[in-house]
Amino acid sequence: MGPERNMKTEIAFTLNGFPVSLSVSAHKRLLDVLRYDLGLTGTKEGCGEGECGACTVIVDGRAVNACLYPAPEVDGRRVVTIEGLMDPENELSVIQKTFVQSGAIQCGFCSPGMIMATKALLDENPDPTDEEIRAALLGNLCRCTGYVQIVEAVRLAAEKLEKRR
Amino acid sequence: MKALKTVGRRPRRLDAEAKVLGELVYPSDRCLEGMLWVEVVRSAHPHARIESVDTSAAAAVAGVVCVLTAKDVPGENAFGIQIQDMPVLCHDRVRYMGDAVALVAAESRAAAREAVARVRVDYEVLEPIIDPEQAMQPDAPALHPGGNILHRGHFQKGDVEVGFKKSAVIIERAYQVPMMDHAYLETEAGVSYYDDSGSLTVESCGQYVYRDQTQIARALGLPLEKVRVTAPYTGGAFGGKDEITVQIHLALVTYHTKRPAKMVLSRDESIVSHTKRHPARMWYKTGASKSGKLLAVWCRLVSDTGAYASLGGPVLNLMMEHCAGPYLVPNVSVDGFAVYTNNGFSGAFRGFGCTQACVAIESQMDLMARALRRDPLAFRRDNVLHKGDRAALDYEMKTKVGAEATIRAAGRGKLYRTRGKFKRDRSEHTRSMAPYIKRGVGVASQMQGLGLGVGLPDYAEVELNFSPDGAVTVRASTSELGQGAYTAYAQMAAECMGVPLEKVRVVGADTKTTPDSGTTTASRTTYAVGNAILMAAGKLRAELDKRAVGLEGISVRETFHLPVADVKLGDGLPHLLYSYGTHVALVEVNTLTGEIAVLAVEAYLDGGRVIFRTGFEGQSEGGVAQGIGYALFEEVLFDRGRFLNTNFDTYILPTSMDVPADIRTVPVEVKEDTGPYGAKGVSETCMVGVTPAILNALHDAIGVRFTRLPVRAEDVLRAVLERRR
């Protein structure tokens with residue numbers, strides 16, 4: 001293990017609306033910072049190589065795989081995880097509600113990543129077609145549901161968010 | 001019967017809110033003060049003798065607390081659900097790449113991983129045994145003291161030779177199905193520690209906490225009551241977490257260090273180490289009369305069970321039990337072999353042997369219907385089993401048989417009824433490729449034994465508590481793997497106690513606080529736990545009539561014993577109860593590129609009465625996705641016993657783009673007399689028929705019979721080119 005691996009850098013970023021600063025080693029993954037340094041275990045690890053999407057979080061408005069994202073890279077950025085999705089009134093967000101309502105949850109291990117990918121999609125494209133929804137969730141694997149109820153939850157969330165505007 | 005208020009409806013899952021908030025703590029999320037990280041040194045070869053293990057360099061790594069080897073296993077260094085032939089830590093020999101040779105526990109995961117790389121193991125490399133047929137030869141080197149045949153079976157009904165003589169059509173084919181990974185999204189994980197009462201506690205991801213407790217206690221030489229196991233929630237299992245994974249290793253580290261410990265397998269390690277769906281080769285010869293009556297089924301089934309037994313014997317038993325599908329066949333002969341090799345290791349997986357057999361028999365049914373120029377669904381209907389008939393292994397079907405009802409319902413469905421139109425239609429984006437596009441519709445029927453079957457202890461005990469505020473608590477030791485069972489339990493408890501669903505809480509899977517409700521496998525939990533809930537509720541209501549509810553509330557326990565067949569043909573063989581299903585699939589094949597798209601699937605499922613409707617549909621859709629994976633994508637590949645694809649970049653799972661939007665699940669509710677509210681189970685039936693329905697649809701589309709899974713684009717192209725020659 002070379003000395004550069006242990007070299008620490010100071011980073012400061014916004015996490016779910018709150019400022020965070022900590023010192024991390026250069027090779028640390030954002031996923032490990034979230035789960036083990038900050039105790040936010042809502043973001044899951046499924047494959048560790050960016051194939052399954054269980055660790056999806058939003059960095060500066062874009063859905064990224066936290067398992068491939070070097071922690072030092074979030075310096076100065078805005079990070080949103082599943083823990084930061086609740087409404088200001090501390091209620092489930094619309095997307096979380098429709099996932100519950102549509103039965104899009106089974107084992108639930110892919111759900112935080114699915115929900116974050118959905119949020120990134122709907123922020124960008126408020127009225128997606130079913131094909132656009134399926135394409136946006138292509139990088140999020142689910143082994144339980146067969147995706148039907150998930151796509152339904154996303155469509156329902158889009159409709160509800162549209163009405164709010 | 002009075003109208004049901006909660007059963008059969010669409011409540012919100014009890015755990016959904018915690019899951020969408022990211023608040024539910026999964027085994028891999030647990031962290032404890034002062035915990036050690038545990039990593040495993042796994043075998044470097046698929047087959048080798050261990051000459052020496054040198055842990056000194058590993059122990060010297062900063063942060064390492066202990067390095068454990070076989071000599072540190074205080075009890076019996078062996079585990080296995082049925083036969084304890086698998087070492088906790090190998091001492092003299094390794095039989096597959098997932099075999100554990102040493103454990104490292106360290107203050108950080110990085111230190112543990114570094115130490116793993118520094119454990120020096122000297123091996124005498126042995127030739128891997130990779131072919132089950134060769135492994136069965138008497139002169140093959142034996143992987144276990146009893147030889148390489150773990151289990152064999154032969155069953156006969158009537159005389160197949162007579163049947164074939166009378167047959168107007170005889171079809172012979174050989175089928176090959178691959179090793180399949182469960183690919184649950186959460187890998188095997190857990191923590192261990194001594195709880196306040198001094199019990200060595202393992203919080204993990206298993207499917208039967210009481211059996212895990214036994215397996216841990218045996219390996220550690222501890223009395224059962226000194227070991228506590230919990231496993232209420234995990235990120236998917238599908239049978240792959242039925243066998244021990246991390247539990248004994250965790251316990252061993254805490255036992256030696258007295259400290260909390262944590263393990264999470266990497267995806268690669270998960271795929272290499274845990275049980276799989278048995279790869280199998282199946283030779284079939286089937287015959288039918290000119291009028292379309294099945295006359296004979298002969299088959300030889302060889303399943304590759306890999307390095308250790310796990311449930312390889314019972315899986316073969318179910319493969320044999322279901323070898324002729326849900327059909328009445330007067331003459332049957334089946335030979336089955338489960339064989340040890342160095343190809344990973346296999347065990348329980350949704351369908352449990354029925355999945356493999358269904359691929360073969362449903363392909364044969366289709367080929368026979370074609371040869372007879374009969375409608376494939378009508379051909380199935382004309383040969384279907386009924387109550388009172390004698391099944392393939394020559395015992396009487398004594399409970400309601402829903403097979404015909406599912407076939408008839410499928411025949412009335414949109415997809416089958418108007419298949420001509422569906423086959424002519426072209427989707428927008430394939431229109432430009434029109435000359436190369438072919439579509440087909442296929443069907444498959446199946447049955448699936450419910451419960452563990454004859455001869456294996458199969459019961460469910462539950463506790464019901466009624467508290468002074470009117471709340472009801474259900475305590476059951478089965479696990480919530482994602483299937484939604486806890487919600488179904490709560491619905492049944494609410495229904496029979498006459499309370500709203502919001503008043504019911506379910507506490508699951510803890511050997512200390514929940515009674516033994518049996519395994520979370522074999523499509524059994526809704527049926528078995530549900531029956532126990534109904535029994536306990538009766539007792540609880542009687543208590544409530546007799547006395548006042550004190551501060552503690554009133555608790556009662558009841559045990560339901562699953563009824564079993566009155567003949568015993570083998571371990572778990574046969575079953576008394578079965579679930580049934582018929583699937584219809586529409587596929588589109590591009591004969592220029594070989595691409596296959598599954599466009600629609602209809603599932604007609606008899607799992608008895610549906611308790612939790614949203615969960616039922618969700619399971620069915622998930623079963624369709626897994627059936628597509630088995631048909632078109634998934635295969636664990638080996639090069640002489642070495643795994644070639646151990647993550648999702650090369651082990652390909654169906655994505656949102658591969659599973660059709662058009663999945664229609666139709667419950668065919670043939671109410672089971674012994675079931676709670678008439679329920680059975682559906683968690684396996686929902687997947688098993690999907691794969692052969694796709695194979696049959698492919699045949700319908702391009703006239704090619706695929707007998708080897710998975711069917712990839714290159715297989716389609718090769719077949720199309722060969723036909724042109």
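Visitor: How much area is buried between chain A and chain B?

Guide: About 3900 Å², with 59% of it from carbon and sulfur atoms. Buried area is the accessible area (1.4 Å probe) that two parts lose on being put together, summed over both. Phe109(A), Arg134(A) and Arg143(A) supply 20% of what chain A buries against chain B, more than any other three residues.

Visitor: What kind of model is this, and how are residues and chains labelled?

Guide: It is a predicted model, where local features need pLDDT of at least 70 and side-chain atom pairs count only at pLDDT 80 or more, while totals for chains, interfaces and linings use all residues. Residues are numbered from 1 along each chain as its sequence is written, chains are lettered from A and ligands numbered from 1 in the order in which they are written, and side-chain values use heavy atoms, with hydrogens and water left out.

Visitor: Back to the two chains. How many residues are in contact?

Guide: 43 residues of chain A are in contact with 53 residues of chain B; contact means heavy atoms within 4.5 Å.

Visitor: How many salt bridges cross that interface?

Guide: The rule finds 3 between chain A and chain B. A salt bridge is a side-chain nitrogen of Lys or Arg within 4 Å of a carboxyl oxygen of Asp or Glu. One pairs Asp29(B) with Arg35(A), whose closest N and O atoms are 2.8 Å apart.

Visitor: Which element of chain A gives the most to the side that touches chain B?

Guide: That is α3(A), with 4 residues. Helices (H or I, at least four residues) and strands (E, at least two) are DSSP runs, numbered from the N terminus.

Visitor: New topic. How is chain B divided?

Guide: Into domain 1 (16-25 + 459-561), domain 2 (31-126 + 188-264) and domain 3 (280-452 + 570-724). The bounds come from an automatic or database domain assignment.

Visitor: How far apart are the C-alpha centres of domain 2 and domain 3 of chain B?

Guide: They lie 37 Å apart. These two domains of chain B bury about 1600 Å² between them, 57% of it on carbon and sulfur atoms. Gln82(B), Tyr96(B) and Phe238(B) supply 35% of the area that domain 2 buries against domain 3, more than any other three residues.

Visitor: And how many salt bridges are there across that one?

Guide: The rule finds 0 between domain 2 and domain 3 of chain B.

Visitor: What is the count of salt bridges over all chains?

Guide: It comes to 61. One of them joins the side chains of Asp123(A) and Lys119(A), at 3.1 Å, N to O. Both residues lie in helix α4 (residues 111-124) of chain A, 4 residues apart, about one turn of the helix.

Visitor: Which salt bridge partner does Glu635(B) have?

Guide: Arg708(B), at 3.3 Å, N to O. The pair links distant parts of the chain, 73 residues apart. Glu635(B) is buried at 11% relative accessible area, whereas Arg708(B) counts as partly exposed at 40%.

Visitor: Which residues are linked in a network of salt bridges?

Guide: Arg13(B), Asp15(B), Lys19(B) and Glu480(B) are linked that way.

Terms used
Buried < 20%, exposed > 50% of the residue type's maximum accessible area, 1.4 Å probe, protein only.
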